Amino acid sequence: MVIQPKVRGFICTTAHPDGCARNVEEQIRYVQSKPRIDGPKNALVIGASTGFGLSTRIAAAFGAGAGTLGIFFERPAEGGRTATAGWYNTAAFTRAARRAGLYAGNINGDAFSDAIKEQAIETIRRDLGKVDLVVYSLAAPRRTDPRTGEVHASVLKPIGRPYTGKTVDVSSGRVTEVTLEPATDEEIRGTVAVMGGEDWRMWMEALLRAGVLAEGAVTVAYSYVGPEVTRPIYRDGTIGRAKDDLERTARDIDGALRPIGGCAYVSVNKALVTQASSAIPIVPLYISLLFRVMKDKGLHEGTIEQMHRLLAERLYTGSAVPVDELGRIRIDDLEMRDDVQREVAALWERVNTDNLALLSDIEGYRADFLKLFGFGLEGVDYEADTDPFVPLEG
Ligand code: NAI
């Protein structure tokens, strides 16, 4: 079939296998152009198929020569429907890793469940022995609690009072004011249950109990802080509560890993276009302005540059891991630079529908969004008949 993008709001319902493969190859080439990282030997990546998780997997495999076991929740092609982007990304990654002689194992299923945790442990035992890096990079709308069977839902809302702020409809380029109603206590609880640290803790306890963590194993999960303009919806909102919980959990896990000489970190990453971030109101407008300022200053990074830097310049330098006063790794340092934030704040005041194209990098945002689904990549023939049925080996 000829595969074209079908965008519905903040989701694209099609994905292009060759474009996704190209995207993965570009990330691999970036990592290969850098000096080798004296990094992990075997990594378990939970949320490995898109966004930051995929880039961490690529950086660990092609930057450090690590074997990787990836966990994700993706859908294969069926009938007239393409597979999801994460399916195609993982198929391309797996082919490339195996060609390079690197172990690449995959488990497609619900990472929140006990069954997938057990399957991961069995796979590590069978194929790797132990892992020395565990990356926790899930972004999900829902989580079924494995103990109670309760289904928790994550929402993106402010807390305490309504918040009115500027937002952009990415496809039309219309800048409007949106008012977001505050979350209920139940919604706050649900968001913390899905995006907080509980499941990360369950993973680490299960791995530790099973004896599949190597001496000195490191685990890292991802967080975000961001600027004043997104604070009511992000850091002071429901998702921020979940991130507070995640950051607290890092300290508990760190304590639990002491007996094996291990450490747990949270890395605060840069705001980037991913399937998860495009669903948050207000954030896409901020990202469009941020990209303009960071590109003008030559500071822009994508997920692969960020994850390469996390491994090469933070986690595996051979000396102590640099952290902020709250114990977090910061690779949002360039985003949060004073000059960058001052310029973004000034643009934020002025931006409207008429000057959006001039003041922001909305085009870059749109291009990155389409790229997530394998569209708009150079060297891919989008008019060609393409087979959407791509096998994905375990
Ligand atoms: P993403 O949507 O690109 O990736 C999410 C991953 O989780 C995918 O591999 C998906 O298959 C997997 N997944 C979702 N539900 C699952 C389930 N039930 N079982 C197994 N796998 C499942 O998201 P992104 O943006 O890379 O987010 C990863 C982390 O990074 C999140 O914690 C997010 O808050 C954080 N982060 C994101 C930033 C951004 O701007 N995108 C900035 C800073 C942190």
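Predicted model: local features only at pLDDT ≥ 70, side-chain atom pairs only at ≥ 80, totals over all residues.
On the α6 side, the contact is made by Glu198, Trp200, Arg201, Met204 and Leu208, while α7 brings in Asp245, Leu246, Thr249, Ala250, Asp252, Ile253, Ala256 and Leu257. Sort the residues of this contact by type and you get eight nonpolar, four charged and one polar.

Now hop over to another pair. Helix α1 (residues 17-32) packs with helix α3 (residues 85-99) at an angle of about 50°, and the two axes are 8 Å apart. That angle makes α1 oblique to α3. The crossing of α1 and α3 is right-handed. Who meets whom here? From α1 come Pro17, Cys20, Ala21, Val24 and Ile28, and they meet Ala85, Tyr88, Asn89, Ala92, Phe93, Arg95 and Ala96 in α3. In the contact of α1 with α3, ten residues are nonpolar, one is polar and one is charged.

Last stop: the ligand. It is surrounded by 31 residues, and the closest are Ser49, Ala111, Lys243, Leu272 and Thr274. Glu74 has a side-chain N or O atom 2.9 Å from an oxygen atom of the ligand. With Phe73, look to the backbone, where an N or O atom lies 3.2 Å from a ligand oxygen atom. For Gly109, a polar backbone atom is 3.3 Å from a nitrogen atom of the ligand.

Methods. Residues numbered from 1 in each chain as written. Heavy atoms only, no water. Axes fitted to C-alpha atoms, helices over the stretch in contact; angles between N-to-C directions. Helix = DSSP H or I, 4+ residues; strand = E, 2+ residues; numbered from the N terminus. Parallel < 35°, antiparallel > 145°, perpendicular 65-115°, else oblique. Left-handed = near helix turned anticlockwise from the far one by under 90°. Contact = heavy atoms within 4.5 Å. Nonpolar A, V, L, I, M, F, W, Y, C, P; charged D, E, K, R; others polar. Near = heavy atom within 4 Å. Polar contact = N/O pair within 3.5 Å; in protein donor to acceptor, adjacent residues only side chain to side chain.
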